[in-house]
Amino acid sequence: MDISEIKVFLVDEPKLKAFVSIVFDRCFMVNDIKIIRGREGLFVSMPSRRKKNGDFKDVAHPLNNETRSWMEQAILAAYRETVSRERGEMRPEDEATRPLPPPGADGLDGQGQESDEAPVGDGTLEEVHRRHLTDSFWNVR
C-alpha cells in the first residue's frame, strides 16, 4: 500500500492545527484526520464519531503500530511542508512531491515537536472544514 496524496487544511485554533485527507493507492481516501497540539507536541487523530454515551470511536484507523507510525510520519511531514509554504519559507522547487517512506522506514520520531503555531490564510474553522470537504483537488481523475 502506498500513500498517493496528502492534503492539509490548516486551522487557526489553539489545539486543532489542521484537517488532513489522505489517499491510498490512488483509490481509497480517508477524510477528517486531525493534527492536534497536545502537551508533548503534535499528534495525529484518526476520524471518529461520538457514541451515544459521549465517548469517541475511530471510524478508520491503522491496525498495527508499524502502519500507524508510517502514516503519522507522512502526515506530519506534509503538515510541516504546508506550514513552511504558508510562511513563505519553501521555494517552489522544494514543493515537488517526494516519495513517502514505506512502513517501518526511519523518519520522524512521531512526537511532532513543532514549536510555532500554524497560520491560516483565510478563515474560520467552519470555512476550513467546508474547503476540506469540497476541494476540487479530490475530484476523481
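The model is predicted: local features need pLDDT of at least 70, side-chain atom pairs count only at pLDDT 80 or more, and totals for chains, interfaces and linings use all residues. Residues are numbered from 1 along each chain as its sequence is written, and side-chain values use heavy atoms, with hydrogens and water left out.

**Overall fold**
- The chain has two helices and six strands, where helices (H or I, at least four residues) and strands (E, at least two) are DSSP runs, numbered from the N terminus.
- Along the sequence, these elements follow the pattern β-β-β-β-β-β-α-α.
- Of the 141 residues, 34% count as buried; buried means under 20% relative accessible area, exposed over 50%, and partly exposed in between (1.4 Å probe, protein chains only).
- Among contacts (heavy atoms within 4.5 Å) with a separation of 6 or more, 52% come from residues 24 or more positions apart.

**Helix α1**
- Helix α1 covers residues 65–87, which is 23 residues.
- From its first C-alpha to its last, α1 reaches 33 Å, close to the 33 Å expected at 1.5 Å a residue; the expected span is 1.5 Å times one less than the number of residues.
- At the start of α1, a side-chain oxygen of Asn-64 comes to within 3.3 Å of the backbone nitrogen of Glu-66.
- Gly-88 follows α1 and has a positive phi, near 80 degrees.

**Aromatic pair**
- A search of the whole structure finds one aromatic pair; rings of Phe, Tyr and Trp (its six-membered ring) pair if their centres lie within 6.5 Å, and planes under 30 degrees apart count as stacked, over 60 as edge-to-face and the rest as tilted.
- Phe-24 and Trp-70 form this pair, which is tilted, with 6.4 Å centre to centre and 45 degrees between the planes.
- The pair links distant parts of the chain, with Phe-24 in strand β2 (residues 16–24) and Trp-70 in helix α1, 46 residues apart.
- Phe-24 counts as buried because its relative accessibility is 7%, and Trp-70 is buried at 3%.

**Nonpolar cores**
- The largest nonpolar core has 22 residues; such a core is a set of buried Ala, Val, Leu, Ile, Met, Phe, Trp, Tyr and Cys residues joined through side-chain atoms within 4.5 Å.
- The elements giving two or more residues to this core are β1 (3–10), β2, β3 (28–38), β4 (41–45) and α1.
- Helix α1 gives the most to this core, with eight residues.
- Another core, of five residues, lies apart from it and includes Phe-9, Val-11, Leu-16 and Phe-19.

Technical notes
A polar contact is a pair of N or O atoms within 3.5 Å; within protein, one must be able to donate a hydrogen and the other to accept it, and residues adjacent in sequence count only if both atoms are side-chain atoms.
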